[in-house]
Amino acid sequence: MSPNPDAWSSEHAAAVAAAEEAGALLRSRFPDGFAARPKGQRGDVVTDLDLAAEQLVIGRIRERFPHDRILAEESGELAGDGAGAGRTWLIDPLDGSNNVVIGLAVYVVGIALCVDDAPVVGVVHDPMTGRTWSARRGGGAHGPAGRLTAPLASRPLPAAGPLLAWTQGHAVSRDDPVACSLRHSLELRSRRLLQLWAPLVAWAMLARGDIDGFVGYRAEAIDLPAGALLAREAGIALRRLDGTEFGGGFGGPDTGRSFVAGRPELLPHLLDLVSPFSPGTGDTRTAGTAPTDPAARRSSAAGTSPWAPTSGHRPGTPSA
């Protein structure tokens, strides 16, 4: 994949324009100009803002790149004409729908382009402030004030611990033993553990340096690539719970989308926080918190990636 910082410039420009146009639509109808209805059996919601913004973004992307495949939160998979082999756009038109429904202005528009399973363009737009953060693979991450870079190591870790954000995938049950234990451990060992109901907001905060780290357990696929690319290009380190590299792609089962991300100088500390919950560790096995065999974990979790070829599940399940 090309490291040329000028690569993907047309795709980046199209994604930024589409996200900002969708943001203007959302802002014009928040907090009172929309209707909402339940989605699924787990307390999720969808609004007509989700649907309107998604159709707008799909239309803009399809106009510019008719050959490419699109995976959208509400519409599912929209195949191109085949000439754009390996190119997939991921669209989360309103990350934070549950916030919107209760009148909480914490939501963003997210768009990513992946080549095969690697994100090459990522855009996060905040409709309420009109601010946009975006990244291109090899081209850095940028926000309203210019290029984003990881804060220098001069900021010490507070005695109370790091300021962290948390997300878990929609397929994770409320009583999932690993999720419950990991989240509780992070709450005890961090200054604050933010649960924003909008993972892309947390990724933008991490890329800006507002928080120290972000932990995800079986994260949703639709919003992951845009956020992961934004953070990585801003100098944030991304790892799996066992410390190996985390690519931030959308493919495969959700059991492969657990991660820890943070400022490089804090990464050893963050990995220490999550390492007891890495698949195959002694603590996880002896505590009886979860099966360590990947197939058993997928079966017990009752859900795999919405993009996995063997899954019939459609996109549209948000992160907590």
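In strand β15 (259–262), Phe259 is the bridge partner of Gly216. Helices and strands are taken here as DSSP runs (H or I over at least four residues for helices, E over at least two for strands), numbered from the N terminus, and two strands pair if DSSP finds at least two bridges between them. The model is a predicted one, in which local features need pLDDT of at least 70 and side-chain atom pairs count only at pLDDT 80 or more, while totals for chains, interfaces and linings use all residues. Residues are numbered from 1 along each chain as its sequence is written, and side-chain values use heavy atoms, with hydrogens and water left out.

Strand β13 (residues 213–217) runs antiparallel to β15 and is joined to it by 4 bridges. Phe214 of this pair has Ala261 as its bridge partner in β15. Strand β14 is also antiparallel to β15, with 3 bridges between them, and Arg239 stands opposite Val260 in β15. Both faces of β15 are covered: Phe259 and Ala261 on one side, and Val260 and Gly262 on the other, are all buried. Buried means under 20% relative accessible area, exposed over 50% and partly exposed in between, with a 1.4 Å probe and protein chains only.

These strands belong to an open sheet of 5 strands with mixed pairing, in the order β12-β11-β13-β15-β14. Because β12 (192–194) and β14 (237–239) each have a single partner strand, one side of each is left without a neighbour in the sheet. The twist from one strand to the next averages 20 degrees; axes are lines fitted to C-alpha atoms, for helices over the stretch in contact, and angles run from 0 to 180 degrees between N-to-C directions. Helix α5 packs on the sheet, where it touches β11, β12, β13, β14 and β15, and its direction makes about 150 degrees with that of β13.

The largest nonpolar core has 33 residues, of which Trp203, Leu230, Leu238 and Phe259 touch the most other members. Such a core is a set of buried Ala, Val, Leu, Ile, Met, Phe, Trp, Tyr and Cys residues joined through side-chain atoms within 4.5 Å. Two or more residues come from each of β6 (108–115), β8 (131–136), β11 (163–168), α5 (199–208), α6 (224–233) and β15. With 8 residues, α5 gives the most to this core. Leu238 touches Trp203, Ala228, Ala231, Arg232, Glu245, Phe246, Val260 and Ala261, leaving aside residues up to four places away in sequence; contact means heavy atoms within 4.5 Å. A second, separate core of 32 residues includes Ala14, Ala18, Ala19 and Val123.

Another open sheet is formed by 8 strands in the order β4-β3-β5-β6-β7-β8-β9-β10, again with mixed pairing. Its edge strands are β4 (76–78) and β10 (146–148), each of which pairs on one side only. Strand β3 (residues 69–72) pairs with β5 in the parallel sense over 4 bridges, and Ala72 stands opposite Ile91 in β5. Between β5 and β6 the pairing is antiparallel, over 7 bridges, and Ile91 stands opposite Ile111 in β6. Strands β6 and β7 run antiparallel and are joined by 7 bridges, with Val123 in β7 as the bridge partner of Ile111. In the hairpin of β6 and β7, which has 2 residues between the strands, Asp116 takes a positive phi near 60 degrees.

Strand β6 is largely enclosed by the rest of the structure, because 8 of its 8 residues are buried. Val108, Gly110, Ala112 and Cys114 point one way from this strand, and Val109, Ile111, Leu113 and Val115 point the other way. Helix α2 lies across β3, β4, β5 and β6 and runs at about 150 degrees to β5.

Helix α1 (residues 9–29) has 21 residues and reaches 31 Å from its first C-alpha to its last, close to the expected 30 Å, a span calculated as 1.5 Å times one less than the number of residues. Its buried residues are Glu11, His12, Ala14, Ala15, Val16, Ala18, Ala19, Ala22, Gly23 and Leu26. The cover over them includes α2 (48–64), β5 (87–95), β6, β7 (118–126) and β8.

For the chain as a whole, the secondary structure comes to 9 helices and 15 strands. Buried residues make up 54% of its 320 residues.
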